[in-house]
Amino acid sequence: MPTETFEFQVEARQLLQLMIHSVYSNKDVFLRELVSNASDALDKLRLAKLKDDALDADVSDLHIEIETDDEARTLTVRDNGIGMSYDEVGRLIGTIANSGTAQFVKELREAQDGGSAEGLIGQFGVGFYSGFMVADEMTLVTRHAGETQGTRWSSRGEGTYTLERVDDAPQGTSVTLHLKPADDEDKLQDYTSAWTIREIVKRYSDFITWPIRTVPKKSDDDSDGSVPEPETLNSMKALWARSREEVTDDEYHELYKHISHDWREPLETVRLQAEGTFEYQALLFLPSQAPHDLHTRDHKRGVQLYVKRVFIMDDCEALLPSYLRFVKGVVDAADLSLNVSREILQQDRHIRMMQRRLTKKILSTVKDLRETAPEKYATFWGEFGAVLKEGLLTDTDNRDTILGAASFASTHAEDEPTTLKAYAERMQDGQEDVYYLTGESREAIENSPHMEAFRAKGIEVLLLTDPVDEVWVDVVGEFEGKRLRSVAKGEVDLGGEDGESADAEREKQGEEYAALLGWMKEQLGDDVKEVRLSSRLTVSPACIVSDTNDLTPALENMYRAMGQEVPKAPRILELNPGHLLVKGLNEAYKEREDRTGLAGTAELLHGLAVLAEGGRPKEPGRFVKLVADHLERAL
């Protein structure tokens, strides 16, 4: 058959060079990746045969085999799994079309140490190419189950690869590495050593459910011509099926790394065993760090689904809600149909029952972490708190549980977040509402004019900085009968010790400023819904607030970014009657018959209020000119 030569893509060549001149501190991971790929191929063949019994494929002895040759200095990882067709090899192996190569290369270059770089291999699905860390040349021979013709792929990692069709390929895939010489200085072991192979398999792949075999080398004692029996290197014990006492933390961590492609240790391990009319086992993990694509549409979510230890599918989304998409792990059910499809899963009552139970287990684990392991909880909430709060919008059944597991920054303590329950216990006498303010950062919120009266009276305010906070506070509305209330919406009456005299003073101020307020409303026109005196300002001259039921500007922008057209609601301008600027404007208004010059001051006051809440004036150029003119007159 003719051999065709192809060129790698530019990004793929960059990737190959990074692999060849690798920054990885632990080159052993290449074998973990090749064994993991072989295991996936065996899973897929078993599933394909279950769905189509007529498939011409031998599934009587599915296994992975590792073979070494000291003289030729080669290492071969072989499986008799699903294999690949000629087109699949060209698409998946030759071009790295689906590997996110550009992002991989970028993040690999930014990684500062071997430990952080190591985790990127599996994360981007380019593990096959890690073989070039230890090999000068790689050859792949494969035949797709049910086909009669195979494919050979070969490359030295120098920019090109060859493809040819072959007739004598066995079912499955074999990857042969032509190894570089061992080099202690470059942390390159002798990968033809049986001890080295055994140690790597034990460390990374002991839990894989398929046997990983190697044929021991013949010794001088084998002079009778007998062939040594293959040796199985892994225990093949499903960790989720073993009792907690039988499994070490290291074994759990290696399983997590295998299924998540995150080579950091998990933050927490969650076990669940359900018995009765419907039996299943779950072994779930909370990661210690959010993946780079957690908030993107392309993020693969879900856990692995097995039925009676037979792999069914990766990323089974039906088992956990989207706001728990960061959870990794395995669920092994006893009674599901083996040929279940993703569409059927959505409707299966057993799946729905498992989802409810798994969700409650994860949420209770998070809540327990807050009470028993505050440092772990702080790490978890910093990485995944914003995602978990999405459940407040979508999961009404567990809304109270999520609120109970959540924590929020507040003015009560700078470094220690609070729970809603703790906030409620600290509420002042006569305080009926839980106050909050949303914004881009803690610093921006604390410097907001809306906070002034609350700070002066020592009233605690929750500081909410995640985009999802703009939405859930309105949807949830209350906590244990106490209304969640934005300090930037509606009118604020914080009361006081001398209520009657304060009311009288406000009434007097209202009469004193009534004419100015009406005139300013006319001057500002449709830019404001109303101009009124403020009870929330103590230092700033003015602020912009929304009406009680209006959307915040941030929420309006969020909806527009999603393509939803939202009518722009005019805001309310509040003035501080105790501020010298506002007092001076009121006196000038009363004294002058020609108030043309004061119109600019009114516009300037409105623009300052817009800037103070993080917005921008409607006409920035005009606003800058107004500021310059007023400064010039003041000199």
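Okay, let's start with helix H17: Asp-469, Glu-470, Val-471, Trp-472, Val-473 and Val-476 are buried there. This is a predicted model, by the way. H17 runs over residues 469-476, and with six of its eight residues buried, the helix is mostly covered.

Now, salt bridges. Side chains of opposite charge can pair when their charged atoms come close. The count here is 30 salt bridges, and I'll pick out a few.

Take Glu-231 and Arg-198, whose side chains meet at 2.9 Å, N to O. Glu-231 sits in strand S9 and Arg-198 in helix H7, so this pair ties together parts 33 residues apart in sequence.

Next up, Glu-613 and Arg-571 form a salt bridge at 2.8 Å, N to O. That one links distant parts of the chain, 42 residues apart: Glu-613 is in the loop between helix H21 and helix H22, while Arg-571 is in strand S23. Glu-613 is partly exposed at 30%, whereas Arg-571 is buried at 13%.

Then there's Glu-33 with Arg-32, a salt bridge at 3.2 Å, N to O, and both of those residues are buried.

There's also a salt-bridge network, which links Glu-491, Glu-530, Arg-532, Arg-536 and Glu-574.

Last stop, Glu-254 in helix H8, residues 249-260. Glu-254 counts as buried because its relative accessibility is 13%, under the 20% cut-off. Leaving out residues up to four places away in sequence, Glu-254 touches Arg-203, Tyr-204 and Phe-207.

Notes:
Residues are numbered from 1 along each chain as its sequence is written. This is a predicted model: local features need pLDDT of at least 70, side-chain atom pairs count only at pLDDT 80 or more; totals for chains, interfaces and linings use all residues. Side-chain values use heavy atoms; hydrogens and water are left out. Helices (H or I, at least four residues) and strands (E, at least two) are DSSP runs, numbered from the N terminus. Buried means under 20% relative accessible area, exposed over 50%, partly exposed in between (1.4 Å probe, protein chains only). Contact means heavy atoms within 4.5 Å. A salt bridge is a side-chain nitrogen of Lys or Arg within 4 Å of a carboxyl oxygen of Asp or Glu.
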